[in-house]
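Please open the model in your viewer and keep the sequence beside it. The stops below say what to select and what is found there.

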Amino acid sequence: MASTVNSPSVLTSLPIPCFQTSLLTFKKKQLLRFASKRVVSCRADNGEQNNADSSPSVDRFDRRDMLLGLGSLYGASSLVGDRFALASPVAPDWLRGCTVATAMDGDKPGKSVQCCPPSNTKIIDFELPRVRKIRHRPAAHLVDCNYVYKFELAMEKMKALPDDDPRSFKQQAKIHCAYCNEAYFQTRPPHDDPNQKLKIHFSWLFFPFHRMYLYFFERILGDLIDDPDFVMPFWNWDSPCGMAMPEMYVEPCSVLYDKLRDINHKPPNLVDLNDGLGANELKEQGIIFGNLSKTDQIRSNLCLMYRQMVSNGNKPTSFHGKKYRAGCRFVTDDECIPEPGGGTIENGAHIAVHKFVGAKRPPYNEDMGNFYSAGRDPLFYAHHANVDRMWNIWRTLPGKDRRDFRDRDWLNSSFLFYDEKKNLVRAKVRQFLDTEKLGYGYQKVDIPWLESKPTPRWPRRGQIKGGQVHGLRAETKKINVFPLVLDKLVRVKVPRPKRSMTKLGEDGDDDDVEEEEEVLVIQNIQVDRNASVKFDVNINTEDDETPIRPEDSEFAGSFTNIPHGMDHADSKLNTSLSLAMSELLKDLDVKDGEDIEVTLVPRQGAGLVSIGNIKIDYIRE
């Protein structure tokens, strides 16, 4: 039985030929159980895809959690002088209500968007379902016609619901708009900014929020067709056989079709997980890499996935994103800055797919190209199902630090959704860590990026083919002064500090030090929230004759942004980018104590980004 809390009124694909590659050896712990194969198969069985078999003990309850759960209703904000004495989980302020979101046109006022859900006076606390069996979400390119029929029927019924029904497709699409385009205030904002908006992206809230969102969306679909075992598909864009838009979504007569997509990126075109842009867009920006062959594009995508999932994502903060707490003394307090920094997948493949699908129609680039409208495209949910699958896979990869946060502020962060019975349900992060407890998993498919480790460019220099970064090389220069506007290719010499001896373990040995990850931190990245921006980060590149690509070890990662803001004074995104470098530096044979040269390459929106500083840090979480 669910418990209730009374509250004041709430304002509330086409087949793609597989290819044969030379795969590098990747040491895996037993949990993975992947057979090393040189040929990638398009077939899959109905087994579950990489659910971690353990999770932190999240069912414990203490008095501190109870007191803070009442905080938004009974005014406990006066108790937050010491945010470490009482927890500060993030939650939307349902008492103050939901405001109108705004899609901006650069720095000009844009159009107002009503994203708020229907009002309700009762909130039900979510309880885990009784799981009879594990339902496996299928790869979209592998489903049969019977599945497509059932899926289209469910979507047709959802779209046929009245617009004011919280289960309708229109209202479900608004959920992403409201949470991700700043329609909600924080329950417990910083004392110096009582109007601080709730932010989902660029923080540790990204993965759990979207998992919850898809879970309730899926339950509604199943209920509409009287099938409690129904599951949504995932777009398998991390594997060669699934890198094109799935076939079921591109038929114009289908309820799964969305006319606001980039027509140049329909199948058989493969997604570019590095850019999300096609060759035409790159040429318009003066960046020409040459037209990659299908094999080269696949290789690039797989190496990028290896970088984001394996080498760059080996710590919780690297993968999930940085910590973001509520109830701070000041908005600038450590770990309380809105949008402190996204994780590897959020900032990489996730945004690249949004850009790849969204129509190139400035200023808003609907649907997938703007967070306010992304939920209007049925393909959004298949995309985020694969993002969610990445979380499951990440927990099974080698390394003892590939675990979810145990921080109560993360575990107790909560969001509200309407379920299949029109109940307004409050769900906490701690309840959504293990998908088996939620009753679902993922169809087992090959994961070729596990063995697609990038290699240093210099041994292959004579073999490299491709275009040049026109208009950038002539302006390249070394800069050691911050802040700087990234309107040209910039190189910066960055010193590498010694590991602090104060970080030794309590027993005095250096075991803890060995587990630290060396991280490149690009601080105070400022850009208009409604600007489409991307820049790459390369390490120790020796020339500009050929562009660095994800298959090169010198490629450290990228920063990306797509529109997701409101019409208010705080329209600037101020965030950071952290890139794990320990494996990269080893591959490049950089010795301890040697400084590195960091190259920033603007790829989209040159001149729209400023950088506050670049440094190296060591992290253990």
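**The cysteines**

Select C116, which is buried, with a relative accessible area of 9%; buried means under 20% relative accessible area, with a 1.4 Å probe and protein chains only. This is a predicted model, in which local features need pLDDT of at least 70 and side-chain atom pairs count only at pLDDT 80 or more, while totals for chains, interfaces and linings use all residues. Residues are numbered from 1 along each chain as its sequence is written, and side-chain values use heavy atoms, leaving out hydrogens and water.

The link of C115 and C177 has 45° about the S-S bond and is right-handed, and both C115 and C177 are buried. Now select C180, which is in no disulfide, the nearest cysteine sulfur being that of C177, 8.8 Å away.

**The nonpolar cores**

Which residues have the most contacts inside the largest nonpolar core? They are Y179, W237, M309 and W449, in a core of 114 residues; such a core is a set of buried Ala, Val, Leu, Ile, Met, Phe, Trp, Tyr and Cys residues joined through side-chain atoms within 4.5 Å. Apart from this core lies another, of 32 residues, including F535 and L584.

Technical notes
Buried means under 20% relative accessible area, exposed over 50%, partly exposed in between (1.4 Å probe, protein chains only). A disulfide is a pair of cysteine sulfur atoms within 2.5 Å.
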